[in-house]
Amino acid sequence: MKERRTGLPDLKDAQKGKVVLRFAPNPNGPLSFGHARGLVINSTYREMYDGEFILRFDDTDTKVKPPMLEAYDRIQEETAWLTGRKPDRVVIASDRMEAYYEHASLMLEKGYGYVCRCSAEAFKEHRVGKTNCPCRDQTSLENLELWQQMLDRKFSPGDVVVRVKTDMTLKNPALRDWPALRLQDTEAHPHPRKSIGSKYVVWPLLDFQSAVEDHLQGVTHIVRGKDLMDSTRKQTLLYEHFGWNYPETMYWGRVKVHEWGGFSTSQMRLDIEEGRYPGWGDPRLPTLEGLKGRGISDEALRAFWLELGITQKDISVPLSTLYAHNTKVVDSTAPRLSFIREPVLCSLEGSELPKTVSHPVNPNDEKMGSRTWNMDKGAVYLEQDDVERGALRLKEFADVNLAGSKAIIHSFERSDKRSIVHWITEENSTEGTLLSTSNNEIITQNGRLEKHSLKPGTIVQLERIGYARLQEDGSFILCHEVSIEEK
RNA sequence: GCUCGUGUGGUGUAGCCAGGUCCAUCAUAGUGGGUUUUCAUCCCGCCGACCCGGGUUCGAAUCCCGGCACGAGCACCA
């Protein structure tokens, strides 16, 4: 019998204690579900190899995907929450501009690249026609001069770009003399970090910035999405110029969550700005904040991504998979609570009542204690739907037959197979609110909630309803229903 | 169009590089049952897959060739 692998595959040529990994999001918004994959996989490898994990902010575009100032701190908090500890290093690209300039200058000096004054359209013709653009033959000196003019703001965005010299006849058109740095109008689109603002007009593009930074940080292994495969090839060509060794690289495929379809940070940002959502933590959004707020645990998120692993297959996963992981993590510690939707007040009759009735806080853990309700008044709330069924067993209490607003006690012992339902006494309940999401809408449900003294943030199981998280304002937000059914 | 990548049950995933021990692993979903005074948790059973066609070989999920399908890149975005 062959060994079946469990957990992540080994990193190639990895030595314990000498592995350096990184995850590099654009801080144009807080992290979302998809980012969690990069965080979970890379930080798990850090643990496996006792290596280092770098969180890097690739904030080099101020116009198309402008960074969001608050995101820098939030992403660090989210990283700590999800991976269980702080990154070993935090690198912000916009703080590293001098290093990128230095390498750009070196690249031009050595003839590894050139300053190209062709328009984007003109260059596209060269790219598809496999012909050299005229700028390609400039001398190092000419290139360095043009480079200085770029830095001196003698050009406007769009006029000029620094390219890496590869080979215009390469089979893959994406790799032909790819652009490394360009100009940005940072007067019109200043960088949101005050120390950066409009200080620079020349900015590196991802492939250049990332390649140089990976080398400078000593990154040994890169694990990222396969959409960046060509990026690896571009960067490898640059590494060859400089005589550097490119890190070992692994890729994962695209993941679609059936219920969410496509979403992007930029689009969410727009929706929030236009008021379609009140903020990034909205439970309808697939942000880490939104998921956490609904009661998805970090452990469940980790288990989810680890299970998918790093295959290059493009897959579509239902949310129920994530919920199944979450139930597993949360159930054993979730206190049970009674919440009555569409409450109907009934009076208990037909027998003398006990003083109190007790329920376990969690039936699988006696140590969590019990909930005790005072039965003096004999008034209880039941759900409308249950009342209509006529004969019920009130959980942990008695069989009753419904007659109007009377619940006549039939027996305390279980006498037949009638349904067991949750309930609450009037005295031990208050007004309560349960929020849930459906079809991109938030549904508010008011009802009678069992009194409790739980702290905000606690994830509970509302009996016969689902897992929910207690919010600051006292309302609950539904994470997922108790029985997860695929639709 | 060019380039690259991927195809294992309903959904994921292991096995593929180094062919037999694979009548193919594990999970999830579905289904049936057990425990349980929750439509929860937990436990047990069942269900169900190697994209297609050739080739190599005593032997192919695994190697080779050809199809087909799906995805990504070809941005002065990340």
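## The sheet and its helices

Helices (H or I, at least four residues) and strands (E, at least two) are DSSP runs, numbered from the N terminus. In this predicted model, local features need pLDDT of at least 70 and side-chain atom pairs count only at 80 or more, while totals for chains, interfaces and linings use all residues. Residues are numbered from 1 along each chain, and side-chain values use heavy atoms, without hydrogens or water.

Let's start with the open sheet, where 3 strands run in the order β1-β2-β3 with parallel pairing (at least two DSSP bridges per pair). β1 and β3 (89–92) are at the edges with a single partner strand each, so one side of each has no neighbour in the sheet. From one strand to the next, the twist averages 25 degrees (angles, from 0 to 180 degrees, compare N-to-C directions of lines fitted to C-alpha atoms, for helices over the stretch in contact).

β2 and β3 share 4 bridges, and F57 has I92 of β3 as its bridge partner. Across these two strands lies α2, at about 155 degrees to β2. Helix α6 (residues 206–217) also packs on the sheet, touching β1, β2 and β3 (heavy atoms within 4.5 Å), at about 150 degrees to β2.

## The largest nonpolar core

Which residues touch the most other members of the largest nonpolar core? They are F33, Y45, V223 and L301, out of 48 residues. Members are buried (under 20% relative accessible area, 1.4 Å probe, protein chains only) and joined through side-chain atoms within 4.5 Å. Helix α1 gives the most, with 7 residues. Domain 1 (20–95 + 210–321) and domain 4 (429–481) both contribute, so this core lies between them.

Beyond four places in sequence, the contacts of V223 include L11, I41, Y45 and W252. Apart from this core lies another, of 38 residues, including I54 and V164.

Definitions and conventions:
Chains lettered and ligands numbered in written order. Buried < 20%, exposed > 50% of the residue type's maximum accessible area, 1.4 Å probe, protein only. Domains from an automatic or database assignment.
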